[in-house]
Amino acid sequence: MPSSQARPAPAGGELTATDDLCSSDAITLAGLLRGRQVSAREVIAAHISRITAVDPIVNAVVTRCFDTAMTKAAAADEARARGDALGVLHGLPVAHKDLVDTAGVRTTYGSRLFADNVPDHDALIVTRMSAAGAISLGKTNTPEFGAGSHTVNEVFGATRNPYDTSRSAGGSSGGSAAALAARMICLADGSDLGGSLRNPASFCNVVGLRPSPGRVPSWPTADVLDTMSVLGPMGRTVADVALLLAAISGPDRRVPHALETPPPALTDPARVRGLIERDVAGLRVAWSADLGLPVEPAVREVITAARQVLVDLGCDVIDAVPNLTGADEVFRTWRAFRFATSYGPLLPDHAASLGANVVWNVERGLELTLADLSRATVLRDRLASQVNEFFENVDALACPAVQVVPFDVDLDWVHEIDGVPQQNYLDWMASAYLISATGLPAMSVPAGFTPAGLPVGLQLVGPRRADWELLGLAQAFEAATQYGQFAPALP
C-alpha cells in the first residue's frame with residue numbers, strides 16, 4: 001500500500017530499540033558512540049535489521065555487505081576501547097551510490113553490461129569516508145550510468161519513494177535519498193550532473209548538497225577537467241550534510257581542478273553545527289517561484305510558504321532571478337559531450353544492451369561539431385559573468401528544487417508540467433540543471449508536504465564557492481520549519 005501520511009520522527013532520548021537508533025541523525029549517533037552509550041556493533045546491527053525489514057518495499061540498498069560491515073564495527077569498537085583517535089564518521093552506517101567504485105564490492109553503474117563488475121579499487125570519496133570511520137552497508141540504486149532523475153534500471157528495477165511507494169524516489173541518487181528517508185542509513189554519498197543530489201533530496205524529504213566544482217574531488221575519472229558533474233553529501237539534516245562534506249572535501253594532487261582550500265578542522269562531530277551557524281537576518285535573498293519554467297501548482301503552494309519562512313527569519317527577500325541565458329545550451333552540450341566521451345565506446349558493440357536514455361545522450365554527443373563546442377564554451381563563460389554580477393547584489397537565490405511532485409514510479413519520465421509538454425527526459429529537470437550550468441553551489445532542503453503527503457524541497461543557491469555559507473542559511477531554514485523530522489510511515 002502506498003503511504004501518503006507522514007509522521008514525526010522519534011525525537012531520541014534513551015535508546016533501547018532498533019527504531020530509536022535508526023531514527024537518530026548522524027551527529028546524534030556520533031555523540032552516542034563517542035560517549036560509549038552504544039557500540040558500533042549495536043548501531044550497525046540495528047541498521048542492518050532496518051534494511052532487511054524495509055528495503056524489500058523500497059529497493060534502495062541493492063548490493064549489501066553486511067558481514068564486512070559487522071567486522072568493521074567490531075574493529076571500530078576495539079579502537080575506541082584502546083583509546084585510539086576516532087574519525088569524525090566513526091561507526092556511522094553509510095552507503096555508496098552504485099556509480100562509485102568500491103573495492104571487492106559489486107558495482108554495476110545500473111547497467112546490464114556491468115552487472116557482475118567487482119572493482120579492485122575504491123573511489124576517492126569512498127576512501128575518505130572509510131578513513132573518517134564510516135562503515136558501509138552496501139551500494140544504493142541509480143539509473144543506468146546516472147542518466148535521468150528517476151532511479152530505475154534493468155539490473156535492480158525501480159527504487160520507490162518511502163513517502164508513497166507508488167511514486168518515484170527521484171534520481172540519479174534516488175537510492176541514497178530513499179535509504180536515508182527510510183532510516184536505513186544516516187549518511188550517503190551521491191553525484192550531481194543535472195540535479196542528481198537535489199532532485200531525490202526534494203522527492204524524499206532529505207538534504208542534498210551539490211558542492212562547488214572541485215570541493216569534493218573525484219578520482220578516478222574519465223575526464224579530470226569535467227566540472228559539470230560533482231560528487232557530494234546527502235543526509236537527513238543540514239548539519240549531517242556539513243559533517244560529511246568536511247570528511248570528503250579537500251584537495252587531491254591528482255585532480256587538477258580540486259580546490260586547494262582544506263575542509264574545516266573538525267575532531268568532534270557535534271561542533272559542526274557551530275561551524276555553519278549563521279545570523280541570516282538581513283541576508284539578501286533573491287526569490288523565484290519558477291525560474292521562468294512551468295511548475296506544478298502543488299509545488300508552487302509549498303514553495304510560497306517557504307518564502308514567508310525566509311521573511312520571518314529576517315531575510316531581505318526580493319523577487320529576482322539571474323540571467324540564465326545560454327544555460328540550457330551549455331548544459332545540454334557538455335552533458336552530451338560527457339556521455340559521448342564516457343560511454344560512446346560502448347555504443348558500436350553494445351547498443352542493444354544500453355537503455356534508451358544513455359543511447360540518446362551518446363548519439364547527441366557524437367553529433368556535436370567543433371562549432372557546437374566552441375559556442376557552448378563562449379556561452380558558459382558569458383553565463384559565469386551573468387551570475388557573478390547577479391550575486392554582487394544578493395547573498396542567495398531561493399527557487400524550486402524540482403518542478404513537480406514525485407511522480408508514478410512506472411512512468412519513464414515526466415511528459416507534461418502544468419499543461420506544458422516536455423519533449424524529452426531532460427526537459428522536466430530544468431530547475432536543477434540550469435543551476436548546474438552556472439557552477440554555483442546549490443542544495444535542496446525539506447520545505448514541506450503537499451496535501452497528499454508528498455515532499456517538496458526548496459533549492460538554495462549560493463555565490464561562487466560559498467558552500468559553507470549556504471549551509472548556514474539552509475540550517476536556519478531547517479530550524480524554523482523542522483520538516484525533515486517527519487519520517488515516512490513505513491513498517
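Two rings of Phe, Tyr or Trp count as an aromatic pair if their centres lie within 6.5 Å. The structure examined here is a predicted model, and a search of the whole of it finds 14 aromatic pairs. One of them joins Phe-145 and Tyr-343, whose ring centres are 4.2 Å apart. The planes of these two rings stand at 20°, and planes under 30 degrees apart count as stacked, so this pair is stacked. Phe-145 sits in the loop between strand S4 (135-140) and strand S5 (152-153), while Tyr-343 belongs to helix H11 (residues 327-343). The two residues are 198 residues apart, and their pair links distant parts of the chain. Both Phe-145 and Tyr-343 are buried. They also belong to one aromatic cluster, which is formed by Tyr-109, Phe-114, Phe-145, Phe-339 and Tyr-343.

A second pair shows another geometry. The rings of Phe-449 and Phe-486 have centres 6.2 Å apart and planes at 70°. Planes over 60 degrees apart count as edge-to-face, so that is the name for this pair. Phe-449 lies in strand S17 and Phe-486 in strand S19 (residues 486-488), so the pair ties together parts of the chain that are 37 residues apart in sequence. Phe-486 counts as partly exposed because its relative accessibility is 30%, a value between the limits of 20% for buried and 50% for exposed.

Strand S17 (residues 442-449) pairs with strand S18 (residues 455-461) in the antiparallel sense, over seven bridges. Within this pairing, Phe-449 stands opposite Pro-455 in S18. The hairpin of S17 and S18 has five residues between the strands, and there Gly-453 takes a positive phi near 85°. S17 also pairs with strand S10 (residues 207-210), again in the antiparallel sense, over three bridges. In that pairing, Met-443 of S17 is the bridge partner of Leu-209. Is S17 mostly buried or exposed? Seven of its eight residues are buried, so S17 is largely enclosed by the rest of the structure.

An open sheet is formed by 11 strands, in the order S2-S4-S3-S9-S11-S10-S17-S18-S14-S12-S13, with mixed pairing. At its edges are strand S2 (61-64) and strand S13 (316-319), each of which pairs on one side only. On average, neighbouring strands of the sheet are turned by 30° against each other, with direction ignored.

The next topic is the nonpolar core. The largest one has 152 residues, and the members that touch the most others are Leu-89, Leu-92, Trp-428, Leu-458 and Leu-471. Helix H8 (residues 238-248) supplies the largest share of this core, 10 residues. What does Trp-428 touch, not counting residues up to four places away in sequence? Its contacts include Phe-203, Phe-407, Trp-413 and Ile-417, and among them are also Ser-149, Asn-199 and Gln-422.

Leaving aside neighbours within four places in sequence, Thr-333 is in contact with Leu-368, Asp-372, Leu-373 and Ala-376.

Methods:
Residues numbered from 1 in each chain as written. Predicted model: local features only at pLDDT ≥ 70, side-chain atom pairs only at ≥ 80, totals over all residues. Heavy atoms only, no water. Core = buried A, V, L, I, M, F, W, Y, C linked by side-chain atoms within 4.5 Å. Buried < 20%, exposed > 50% of the residue type's maximum accessible area, 1.4 Å probe, protein only. Helix = DSSP H or I, 4+ residues; strand = E, 2+ residues; numbered from the N terminus. Contact = heavy atoms within 4.5 Å. Pairing = 2+ DSSP bridges. Axes fitted to C-alpha atoms, helices over the stretch in contact; angles between N-to-C directions. Phe/Tyr/Trp six-rings, centres within 6.5 Å; stacked < 30°, edge-to-face > 60°.
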